[in-house]
Amino acid sequence: IFGGIVLYVINSKLFLITLLYVPFYIILAWVFSLLYKKIHRRRMEESAEFNSFLVESISGIGTIKAFNAEYSANLENEKRFIKMMKSYFKTSVTNNIEGTLHGVLNTISSFLILWIGSIEVIGGIMTIGQLITFNALLGNFKSPLLNLINLQPMLQEAFVAGDRLGEISELDTEQKHESKQ
């Protein structure tokens, strides 16, 4: 807040232009938070399916060999592994798209501020020192917002992991289920 006041005192026009970009950052973060929630949930489910199939295959290797089903078990394992890797790839692509969009938005806002600021320097409204100071302080003003946005994918993954953990803890254990039958 204090940084915003200082930026406003240095040049109110440039500060208002800076504030115009804040809603775009918020909208971008909100849209990607919805995407991340779905992607991370799917990725964790596919990873859990792969891991559980792998554990079952290893623990039941005697049965698989007795029925000569190594080939079909290997194909199923490979199919689940590829499915899991595709979800990891989709997460990486989404991270890259979000990072690119944030970079483009940040570059456009910086360019616009420097462009309008240089016009004001040429017009004698502000000095070059004020523009340099404004630009330096602008980084301190925007960095907490950008840090929160960059933290968002990890937060979404943690929320989904917490939800999954809650779902797993609510399941009946196999021993309880077997004793009910």
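## The loop residue Asn 11

Leaving out residues up to four places away in sequence, Asn 11 touches Glu 120, Met 126 and Phe 134, where contact means heavy atoms within 4.5 Å. Asn 11 sits in the loop between helix H1 (2-10) and H2; helices (H or I, at least four residues) and strands (E, at least two) are DSSP runs, numbered from the N terminus. With 7% relative accessibility, Asn 11 counts as buried; the classes are buried under 20% relative accessible area, exposed over 50% and partly exposed in between, with a 1.4 Å probe and protein chains only. Between the C-alpha atoms of Asn 11 and Phe 53, which are 42 residues apart along the chain, the distance is 62 Å.

## Basis of the values

The model is predicted: local features need pLDDT of at least 70, side-chain atom pairs count only at pLDDT 80 or more, and totals for chains, interfaces and linings use all residues. Residues are numbered from 1 along each chain as its sequence is written, and side-chain values use heavy atoms, with hydrogens and water left out.

## Overall fold

The protein chain has 6 helices and 0 strands, giving the pattern α-α-α-α-α-α along the sequence. Its radius of gyration is 26 Å, well over the 16 Å that the globule rule gives for 181 residues, so the chain is more spread out than a compact globule. That radius is taken over C-alpha atoms, and the globule rule is 2.2 Å times the number of residues to the power 0.38. Along the principal axes, the C-alpha atoms fill a box of roughly 90 × 35 × 20 Å.

Of the 181 residues in the protein chain, 28% are buried. Among contacts with a separation of 6 or more, 84% are between residues 24 or more positions apart. The accessible surface of the chain is about 12,200 Å², and carbon and sulfur atoms account for 67% of this surface; the areas come from the Shrake-Rupley method with a 1.4 Å probe, and for residues only the protein chains shown count as cover.

## Aromatic pairs

Rings of Phe, Tyr and Trp (its six-membered ring) pair if their centres lie within 6.5 Å; planes under 30 degrees apart count as stacked, over 60 as edge-to-face and the rest as tilted. By this rule there are 6 aromatic pairs. The ring centres of Tyr 21 and Phe 24 are 6.1 Å apart and the planes stand at 50°, so this pair is tilted. Both residues belong to helix H2 (residues 12-59), 3 residues apart, about one turn of the helix. Tyr 21 is buried, at a relative accessible area of 12%.

Phe 32 and Tyr 36 form another tilted pair, with 6.2 Å centre to centre and 45° between the planes. These two also lie in helix H2, 4 residues apart, or about one turn of the helix. Phe 32 is buried with a relative accessible area of 6%, and Tyr 36 is buried at 0%. Tyr 8, Phe 15 and Phe 141 make up one aromatic cluster.

## Salt bridges

The structure holds 8 salt bridges, each a side-chain nitrogen of Lys or Arg within 4 Å of a carboxyl oxygen of Asp or Glu. One of them joins Arg 41 and Glu 167 (3.2 Å, N to O). Arg 41 is in helix H2 and Glu 167 in helix H5, so this pair ties together parts that are 126 residues apart in sequence. Both side chains belong to partly exposed residues: Arg 41 has a relative accessible area of 22% and Glu 167 has 35%.

Glu 167 also meets Arg 164 in a salt bridge (3.7 Å, N to O). Arg 164 and Glu 167 are 3 residues apart in helix H5, about one helical turn, and Arg 164 is buried at 15% relative accessibility. Salt bridges with shared partners join Arg 41, Glu 45, Asp 163, Arg 164 and Glu 167 into one network.

## A buried lysine

Lys 142 lies in helix H5 (residues 128-170). Lys 142 is buried yet has no salt bridge, and the nearest side chain of opposite charge, Glu 98, is 15 Å away; Lys and Arg count as positive and Asp and Glu as negative, while His and the chain ends are not counted. Neighbours within four places in sequence aside, Lys 142 is in contact with Thr 18, Tyr 25, Asn 106, Ser 109 and Ser 110.
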